[in-house]
Amino acid sequence: MAPAGLAGTAQGRADGQGRAHGWLGSAAGAAGLLLAWEALAAYVFAGRHIMPTPVGVLGGLWHDRSLLWQNAGVTLSEAAQGWLWGNLAAVVVALVFTASRVAEAALLRLAIASYCMPIIAIAPILNIVLNGDQPKVVLAALSVFFTTLVGMTAGLRSADPTALDMVHAYGGSAWAALTKVRLRSSLPSLFAALQVAAPAALLGAIIGEYLGGNSGIGVAMINAEQSLEVTRVWALALFAAAVAGAGYSLTGRVARWATPWAVAAGSQPGTASPGSGTSGPGFGGLAWRALRSVSLLALSLAAAVVVWAGFIKVLGLNPYFAKGPVDVWDFVAQGPGAGANRSQLWAALATTLRDASLGYLAGTVLAVGAAMAVVSWRAVESTFMPVALVLRSVPLVAMTPLITLALGRGLLSVTAIAGIVTFFPTLVNVVGGLRSPAAGPLLVMRAYGASSWATLWKLRVPSALPSLFSSARIAAPGAMLGAVLAEWLSTGQGLGYLMLEAGTGSEFALLWSGVVLTTVVSAAVYAAVGLVEAPVLRRFGTT
Amino acid sequence: MSPQYTDRRTFLSQALRRSAGVAVLATSGAGAWEGLLGSGRAAAASLHPAARSLGAASLQLDWIDDIEFAGSYIARSSGYYQRAGLSVTLLPGGPNTSVEPIVVSGKALVGISGPDLTSAAINNGADLKIIGAQMQKAPQAIMSLAKRPINGPKDMIGKKIGVQAGNLLSFRAFLELQGIPEAKVDIVPVQFDPSPLAAGTVDGWYAFITNEPFLLAAKGVATKSWLLYDYGYRLYSGTYLASASSLDNPSERAKVVALMKGEIQGWQKAFLDPTLAAHLTVDVYGKSDGLDVRTQQEELGAYQKLFQTGTTARHGLFWMSPADVAANIRTLSLVGIKSKPSYFTNEILQEIYKGSNQA
């Protein structure tokens, strides 16, 4: 399921309301944010070289305008190329998945792994293998691939079965079904995914720039941070956010222009996740499903190992830094010191899991609360949602230093960062879910004079449960990656920091083991959510 | 300043990008990356045909463009590399760059790193040699606010010291050298931005004496700093490294010699003409970074004190004396980084200086 898809829907609905009202609300939201910021900067953080005032940042934006444009051009070009290639790859793979269930079964987990891989840890490896802008482009592409794959697959599957039957009945081939029915039906959720991909690609490119480069928003940011140009750090962060936000809303506009029916019908992209095994009727018993899962898992693991070893072999990478599956196995299981290596990794993992769970909990609780407020009061929606959408597109690498400065380098920061990763997809998805009850029951509630509170509890909350789970699929691994990022950039604990230290100290067996562990655990979290999701969807399923 | 130079820079990057497109179309798999690298180099080499062309090579820096690479900028803009027959591409680094694997992979012929990281890499199987040392004295220092100064190593006990990940190894080594148990100092992991010290979140900052004190001074924050070197932490910094295999291969070795000759001449010039160095850094290389000329020039003065010692006056810049190498190895052994005299070699410098102290 695509949180992406629901993001599009939520915005579509917001747009459906009176435009003037929306504008006023957004303006009020923005003004409130600015006032809070001014107060914080002027009273709480004054004189501590942490937070400039909004006026100061505005001045900084003007003063550094040529620097901003120059660097933005570079970053945008990297992000745009990554966006294009990543999305293209995702669309192609989605088409393959739709054509062949076998291919999907074999490859889906690799795709999930690409999403669960800590890109900050593989970035240095890409930097060795690739030249110039390429590592940044690849990181941007990796950042968009999975969400688009999920969105596109869900879209292709959401095709109207009657229409498909028609094509088949008239002797149409699978190709005809694809071109005449499926592609058209996939457009709304594809566009929604492309929309989320815009800020994600920018984030990937900026992370890449932290590896080094002549120019780019990330490079300028490193320099501004090191030079204690606090105003410039903020100007760059806001500028990056504005660019990401522009990409987001521009894609949204194109989507509404290209697929007017999606908004008009208020249709929701299907909530079926690819390969989750939940979309079809539950054939067979639990044992059969477990057996199938295990064998698929083994198949995927084998595929991952082959891809990994092949990557090293084909590129002819030096064994000093390119550790293969055998090296990692030796490092954690067989070689001398394997026991010590394992306990080092376990300790780091425990910290990261704590960080990620706290962040996930905090982010989810806040998101559910905010979603309830949004559906209950129109004013909250028009004030809060635009601000939330803007905040969502602030690149996390840009935000981390600001959060660290404000909240310190402890648990609070890491919770905040993992929480932010969780908050936005959950908010958008749960808002969509709370809105999903059919019109009929809503009318009945209203006819019987039920309060909006009663409607919320009796009707909306049960119908939103599936969306909570479907957002968890994206949000829970996201919280893991957010925690790793925060540990890397800020707290100096956990897997994030362990991988950073390993990379700088040439302990590449440890680095690769850390990457594998993070990926496997994130993917396991993803799969675990899927297992819980299945019965919940069956119980509360909307279709 | 040398418009030809700026043009060259843009031209080069376009040439690289254009040839990249062709290379990717023409080849596939492993060949693609090699073809890309090769054609990029060929394009670069053809721009400035030298008297005896050795081709092209890359130098991997360990940070984004700033004054600490001024010698390389001058070597390029004044044509010192070209005169030595080599077209050099400077690869900027960043906070997450690992220089050693980039040199091992052959992406860069020579890199700039530290003796700690390079020795660790050699111990982990990297076939590398340290071929020169820019800073004879490591710039690592403990910086504190002038109003709450930390006056010496023992003063750090019970204080919060901000240390970046890449510097943890060396900070721990220093504590051990001073006989200060690690538990007695509160090490706070930080990134490169010194604002936590300015904000008072930490009491001390693991700084580079060439950098942070000037940045904070420019912000009106007075600081006090002392070099770890002056308390027995005798370590080089900004050491050049190359693959041992490129030193053994005559044509690669000639490139290394040419590159290092350009580096030496560039740095000799930088100290003679700090204004040129600062302007090249601010207006050409770090153009999109928004650097400040005065700060960069002041920093260059601080670098000069670390580059130039009695040893370099006798033998030339970057020279590594046996006594200093032995001191480096002792310092490194404190953190359990094994290092040996055989990890360091003056052979390239010998080939350049031939007994003189100028290149």
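In the predicted model, B:Ile161 has B:Ile187 of strand 7 of chain B as its bridge partner. The pairing of strand 6 (residues 160-164) with strand 7 of chain B is parallel and extends over 5 bridges. Both strands belong to an open sheet of chain B in which 5 strands follow the order 7-6-8-5-9, with mixed pairing. From one strand to the next, the twist averages 35°. In general terms, the strands of a sheet pair through backbone hydrogen bonds, in either a parallel or an antiparallel sense.

A parallel pairing is also found between strand 1 (residues 55-60) and strand 2 of chain B, which are joined by 6 bridges. Within this pairing, B:Ala57 stands opposite B:Val88 of strand 2. Strand 2 (residues 86-91) of chain B is mostly covered, with 6 of its 6 residues buried. Side chains in a regular strand alternate between the two faces of the sheet. In strand 2 of chain B, B:Leu86, B:Val88 and B:Leu90 point one way, whereas B:Ser87, B:Thr89 and B:Leu91 point the other way, and all are buried.

Chain B as a whole contains 16 helices and 10 strands. Of its 359 residues, 55% count as buried. Among the contacts in chain B with a separation of 6 or more, 78% are accounted for by residues 24 or more positions apart.

Helix 12 (residues 274-285) of chain B has 12 residues, which at 1.5 Å a residue should span 16 Å; the end C-alpha atoms are 15 Å apart, in agreement with that expectation. The buried residues of helix 12 of chain B are B:Pro274, B:Ala277, B:Ala278, B:Leu280, B:Thr281, B:Val282 and B:Tyr285. An α-helix has 3.6 residues a turn, so residues three or four places apart point the same way. The cover over the buried residues of helix 12 includes helix 3 (70-77), helix 11 (250-272) and helix 13 (293-307) of chain B.

Two residues of chain B were examined for their backbone geometry. Most residues other than glycine have a negative phi. B:Phe318 has a positive phi, near 75°, and is a residue other than glycine. B:Phe318 lies in the loop between helix 14 (310-315) and helix 15 (322-333) of chain B. This residue counts as buried because 28 C-beta neighbours lie inside 10 Å. B:Lys354, likewise not a glycine, has a positive phi of about 50°. The position of B:Lys354 is in the segment after helix 16 (347-353) of chain B. With 8 C-beta neighbours inside 10 Å, B:Lys354 counts as exposed.

The secondary structure of chain A consists of 22 helices and 0 strands. Of the 543 residues of chain A, 54% count as buried. Residues at least 24 apart in sequence are joined by 83% of the contacts in chain A between residues at least 6 apart.

Chain A is divided into domain 1 (64-276) and domain 2 (323-543). The C-alpha centres of these two domains of chain A lie 19 Å apart. Across the domain boundary, 31 residues of domain 1 of chain A are in contact with 34 residues of domain 2 of chain A. On the domain 1 side, helix 5 (101-116), helix 6 (119-129), helix 9 (174-209), helix 10 (217-226) and helix 11 (230-258) of chain A are the elements that give two or more residues. The largest share of that side, 8 residues, comes from helix 11 of chain A. By residue class, the side of domain 1 of chain A that touches domain 2 divides into 24 nonpolar, 5 polar and 2 charged residues.

The contact between the chains takes 46 residues from chain B and 52 residues from chain A. On the chain B side, at least two residues each are supplied by helix 2 (30-47), helix 5 (99-104), helix 6 (115-123), strand 7 (186-190), helix 8 (195-199) and helix 9 (212-218). The side of chain B that touches chain A comprises 25 nonpolar, 15 polar and 6 charged residues.

Methods. Residues are numbered from 1 along each chain as its sequence is written. Chains are lettered from A and ligands numbered from 1 in the order in which they are written. This is a predicted model: local features need pLDDT of at least 70, side-chain atom pairs count only at pLDDT 80 or more; totals for chains, interfaces and linings use all residues. Domain bounds come from an automatic or database domain assignment. Two residues are in contact if their C-beta atoms, placed from the backbone, lie within 7 Å. Helices (H or I, at least four residues) and strands (E, at least two) are DSSP runs, numbered from the N terminus. Ala, Val, Leu, Ile, Met, Phe, Trp, Tyr, Cys and Pro count as nonpolar, Asp, Glu, Lys and Arg as charged, and the others, Gly among them, as polar. A residue is buried if 20 or more other C-beta atoms lie within 10 Å of its own, exposed if 12 or fewer, and partly exposed in between; C-beta atoms are placed from the backbone. The expected span of a helix is 1.5 Å times one less than its number of residues. Two strands pair if DSSP finds at least two bridges between them. Axes are lines fitted to C-alpha atoms, for helices over the stretch in contact, and angles run from 0 to 180 degrees between N-to-C directions.
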